[in-house]
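Hi there,

Here is the structure I promised to pass on.

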Amino acid sequence: MKRRNFIGITCSSAAGLATVSCNTVTKTSDKKATQQTPCGVAQQKKLAKQYEEYLFQDFLPFMERYVIDHERGGFLCNTDREGKNITTNKSSWYEGRGIWVYSYLYNNVSKEQKYFDVAQKSVNFLAHLQPVPPLGLMPRVVTVDGEPVVTECSEIYGDLFIAEGYAEFSKACGDHTYWDRAKDIVFRCVDIYEQPDYRPQIGQTYLGRDARPFPGARILGVWMVLIRVATQMLRIRPDRDLEALSRRCIDAILEHHYNSEFGLLNELINHDFSRPDNEYAQLVYTGHAIETLWMVMDEAVRRRNRALFEKAAALFKRHFEVAWDDVYGGVFRNLQHVNNNTWEVDKVLWAQEEVLIGSLMIVEHLGEDWAWEIFTQMYDYVLEKYPLQKYGYALWNLGADRKVTFKKEFSRVGNYHHPRHLMLNLVGLRRMQDRSGAVSTVFA
């Protein structure tokens, strides 16, 4: 791959955390002989400490003080940089996501009662919400007490996030009833997704208001959420239906959404899985593609399927290289037209963090030098651009322009992608340390 100048640069952060350099990458011959990852134990410890500080000293304290509704349960994510609640409305999307974050935190990172309590109170808050006809999905926005504000809900993402949250919470509380609820939600959402008129205006999300209707489109982002939920649920309990859903997701992603003309994943294809013959055939939402591919890799880890992991890893690398901004660094999330090379050029944090999750996963399980290069390249860039401490604020910048220009005004706190990145990579680094830096034996 093309080596870029961002690898190993010194980046500053208000927390004064040291940047990991690529200069100490283990030689390939040595790595093969010892089956060591290209980052040594000392580097893994340093990285883990940085992740712990951003999680426990930055993100979680802000959430506890300003975002968590300790009285009623749930999350007040419509909050600015100073901690002011712009509204006290809650979103079913962010409730499901928050339940997952705090359940995963309790299950895998720090088994403190207060984290379990946050998840449980959000679960209890959701229990009072009523599905909205005709699709039977949860209302998108509710008041602080749970009264519907925006009742129209025509997409399944929110309910799938609730299912993801319930499944992880079932592990935290030891009650499989919540896992069963999660399964019911997942397959109700699949039934809705199968409708030939599902989300006709989906194209507006990617190509703007003037995008033509695309009823019943198969959406990479939907397969992405479905495979993620299925993988996590199957790690808790075996299930024939979810195994079949997992296989279907993998087939859709790697066989149907993959476009051999340009070696990338299309975001939207026809309902019958054929390729559209209009502008949607040129749409590649690189942010989703990168995110989806690390989720496919994680499913390959669960299955212990090296061939599947390597195939997804190669596509992950391909999408990263295409999405990387050679001028200012970072990855773009939306390639609106491949042949015209038309991009949206904003730099959202979540897209950068998906690169960090996937590249470290490849380092852990394959020990690839190129994956470590990608990780350090992106890690240096992210720490230089996104933490807000140098501006006097907590948290990281969720989104900005191409140069990641800081703006004081911001109206939302992200309670999912950012903590997910911090936790998944922290857990992965701890596993590597437990193996004294050796590549995992998942595919041995």
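This is a predicted model: local features need pLDDT of at least 70, side-chain atom pairs count only at pLDDT 80 or more; totals for chains, interfaces and linings use all residues.

Helix H12 (residues 349–366) and helix H13 (residues 369–385) have axes that come within 8 Å and cross at roughly 150 degrees. Angles over 145 degrees count as roughly antiparallel, so H12 and H13 are roughly antiparallel to each other. Their crossing is left-handed.

Which residues make this contact? From H12 they are Leu349, Gln352, Val355, Leu356, Ser359, Leu360, Ile362 and Val363. From H13 they are Trp370, Ala371, Trp372, Ile374, Phe375, Met378, Tyr379, Tyr381 and Val382.

Helix H5 (residues 157–173) has 17 residues and reaches 24 Å from its first C-alpha to its last, close to the 24 Å expected at 1.5 Å a residue. H5 is mostly covered, with 15 of its 17 residues buried. Just after H5 comes Gly174, with a positive phi of about 75 degrees.

How does H5 pack with helix H6 (residues 176–193)? The angle between them is about 160 degrees, and their axes are 7 Å apart. That angle makes H5 roughly antiparallel to H6. The crossing of H5 and H6 is left-handed.

On the H5 side, the contact is made by Asp159, Leu160, Ile162, Ala163, Tyr166, Ala167, Phe169, Ser170 and Cys173. On the H6 side, Tyr178, Trp179, Arg181, Ala182, Ile185, Val186, Arg188 and Cys189 take part. The residues of the contact of H5 with H6 divide into 13 nonpolar, 1 polar and 3 charged.

**Backbone spots to look at**

Some background for this part: most residues other than glycine have a negative phi, and most peptide bonds are trans. Here are the places I would like you to see with that in mind.

- Pro133 to Pro134: this peptide bond is cis, with omega near 5 degrees. Pro134 lies in the loop between helix H4 (113–126) and strand E2 (141–142).
- Arg199: phi is positive, about 45 degrees, although Arg199 is not a glycine. Arg199 sits in the loop between H6 and helix H7 (204–207).
- Arg304: phi is near 60 degrees, a positive value in a residue other than glycine. Arg304 is found in the loop between helix H10 (286–303) and helix H11 (306–323).

Are these two arginines buried or exposed? Arg199 counts as buried because its relative accessibility is 16%, and the cut-off for buried is under 20%. Arg304 counts as exposed because its relative accessibility is 56%, and exposed means over 50%.

**One last residue**

Tyr54 lies in helix H2 (residues 41–67). Tyr54 is buried, with a relative accessible area of 3%. Along the chain, Tyr54 and Arg304 are 250 residues apart, and their C-alpha atoms are separated by 31 Å.

Best wishes

Key:
Residues are numbered from 1 along each chain as its sequence is written. Side-chain values use heavy atoms; hydrogens and water are left out. Helices (H or I, at least four residues) and strands (E, at least two) are DSSP runs, numbered from the N terminus. The expected span of a helix is 1.5 Å times one less than its number of residues. Buried means under 20% relative accessible area, exposed over 50%, partly exposed in between (1.4 Å probe, protein chains only). Axes are lines fitted to C-alpha atoms, for helices over the stretch in contact, and angles run from 0 to 180 degrees between N-to-C directions. Angles under 35 degrees count as roughly parallel, over 145 as roughly antiparallel, 65 to 115 as roughly perpendicular and the rest as oblique. A crossing is left-handed if the near helix is turned anticlockwise from the far one by less than a right angle, and right-handed if clockwise. Contact means heavy atoms within 4.5 Å. Ala, Val, Leu, Ile, Met, Phe, Trp, Tyr, Cys and Pro count as nonpolar, Asp, Glu, Lys and Arg as charged, and the others, Gly among them, as polar.
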